[in-house]
Amino acid sequence: MFSKPSFVVSFAFFLIAVPVASQAGMPSMLPSDLETRWVQSYETKLRLESISFFLVGLLASILAVKFLWNSLASSVPSLPRLDFVRAFAVVALWGLVFTLVLTMISGARELLTPGAWKQNGFTYELDSGADPSGSPTSLDQGSP
């Protein structure tokens, strides 16, 4: 009667084309609720912009690494081809290495200038009461 692929395509088209009412109290936005549901606070918009910018930058980095590696692999036969998952692993590994190096640099900064930095939330800023000349001062301020 019908071949199997044409029946499956016809049935899928029928399911998509025929509107069906929601069952079991599925949540839906009514036209009167659209204005209140789509209003976002300023902080939420900034957070979504930051996340999307990060994801686009990550995707661009992954695609750049994949393209550069595969173009190099085409001229050097001993190099394997790089797929998307492995390119993501390379980018993530380099991100962790850079985080480690930058953490070590900021730790060395604190060790070389003790007391010059004070914590402000999650970050550090220069202490306004620190000696700007950089000369070491005595720990005992009371002695002459």
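I note here that the model is predicted.

I then placed F84 in the secondary structure: F84 belongs to helix α4, which covers residues 84–112. Which residues does F84 touch, apart from those up to four places away in sequence? I listed L59, I62, L63 and K66.

Next I turned to A73, which sits in helix α3, residues 42–75. Is A73 buried or exposed? I read 8% relative accessibility, so A73 is buried, the limit being under 20%. Leaving out neighbours within four places in sequence, I found A73 in contact with L79 and P80.

I went back to helix α4 for W94, which lies in this helix. W94 is part of a nonpolar surface patch, together with L93, V97, F98, V101, L102 and I105. I noted about 710 Å² of accessible area for these residues together.

Last, I checked the strands. How do β1 and β2 run relative to each other, parallel or antiparallel? I found them antiparallel, with four bridges joining β1 (residues 117–120) to β2 (residues 123–126). Across the pair, I saw K118 opposite E125 of β2. The two strands make a hairpin with two residues between them. In the turn I noted G121, whose phi is positive at about 75°.

Conventions
Residues are numbered from 1 along each chain as its sequence is written. This is a predicted model: local features need pLDDT of at least 70, side-chain atom pairs count only at pLDDT 80 or more; totals for chains, interfaces and linings use all residues. Side-chain values use heavy atoms; hydrogens and water are left out. Patches are made of residues with over 30% relative accessible area and no salt bridge: like charges are joined within 9 Å, nonpolar side chains (Val, Leu, Ile, Met, Phe, Trp, Tyr) within 5 Å. Accessible areas come from the Shrake-Rupley method with a 1.4 Å probe; for residues, only the protein chains shown count as cover. A salt bridge is a side-chain nitrogen of Lys or Arg within 4 Å of a carboxyl oxygen of Asp or Glu. Two strands pair if DSSP finds at least two bridges between them. Contact means heavy atoms within 4.5 Å. Buried means under 20% relative accessible area, exposed over 50%, partly exposed in between (1.4 Å probe, protein chains only).
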